[in-house]
Amino acid sequence: MYPYNSVKLEKGMHHLSNCSFTQALENADPSSAYAGTPLANLDAYERQLKRFNIRISGADCDHVEKFYATTESAVLFPEFVRRAVRSGMEDSILSELTATVSSASASACKGFAIDETDGVYSGEINEGALLKKTAILESAAIDLPKYGRLVTASYEAIRQQRLDALAVILRAVGRKIAAGIAKAALGVIRNSVTPFSSASSAVTYGDLATLYGKFSDYDLTTVIASPSVVAEILAMNQMHDRTLDQHGQIRLPFGAKLLKDASLDNKTIIGISKPFALAAISGSDVLLESDRLIDCQLDRIAVSVRMGFQPMMSGAAAVLSLRSA
């Protein structure tokens, strides 16, 4: 018998210090023990779903009440909610904006600043000459504000709902939470650079080419604008023969991804070099009131996450401001 069948599931596994529920399951039932078996592609949580025969997708998808068939299987439900919300957050523009994501166990953390004013980089150094400095300095603290949503529902209202349908709703919640976080990320980028102005009130391909030319040390990888401005760009003659890339994303003729974000006004276009422009600091993973979910108190599902942002390298972002009509 596989060891995952004997793991004791308890509420306390959701409250271990510096250990997520999935990590607690992995500690009790290491995935390494399943190498070369039919279960090798499942993580510890997915093995528990298999143990209790809970199907969360497909033609035979179960209903919410399946999680509550036993007191142990009920312990698995909060992780189902967390994963669905997290999936929605990851399937958003937010993942396209940040070079790195680090963790901090607080509501604020120390920031840093890069100082390269000592001199330009050169191809060679004369014998005996001093090397120019790139200084990494401590800066003001970075706030890690909370973002979240309260989802209200009764057990009676959702007990007969299919799990895949509930997951769609939770992913949508996660996606919209991420949109609010992305708005803050774009605000940090806008505040870190001085915008340059276009020649006219309507965006032209020449404006996009000028934006591209603002990047000397780094490559322009991503262009973000409001939905209506993106529609204007797509209507340009230069975009008529453009097709989606292998990942289903729109690319400009010079290779940068074209993304839309509804938080931007119709006069702002942002360009970034994703590997160098912005760092994200996560103050928490997706947080839930797990005990309420385990005890079938679904009248309120509070979902929250803490996150802040730090601009990184100078010259890795640029902002185009369209002139007013």
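I began with the surface: the protein chain has about 17,200 Å² of accessible area, 51% of it on carbon and sulfur atoms (Shrake-Rupley method, 1.4 Å probe; for residues, only the protein chains shown count as cover).

A note on my source: this is a predicted model, where local features need pLDDT of at least 70 and side-chain atom pairs 80 or more, while totals for chains, interfaces and linings use all residues. Residues are numbered from 1 along each chain as its sequence is written, and side-chain values use heavy atoms, without hydrogens and water.

Next I looked up the fold and found ten helices and eleven strands (DSSP runs numbered from the N terminus: H or I of at least four residues for helices, E of at least two for strands). Of the 325 residues, 40% are buried (under 20% relative accessible area; exposed is over 50%, partly exposed in between, with a 1.4 Å probe and protein chains only).

Then I turned to the rings and counted twelve aromatic pairs (Phe, Tyr or the six-membered ring of Trp, centres within 6.5 Å; planes under 30 degrees apart are stacked, over 60 edge-to-face, the rest tilted). Phe21 and Tyr45 pair edge-to-face, at 6.5 Å and 70°. Phe21 is in helix H1 and Tyr45 in helix H2, so their pair ties together parts 24 residues apart in sequence. I found Phe21 buried at 3% and Tyr45 buried at 2%.
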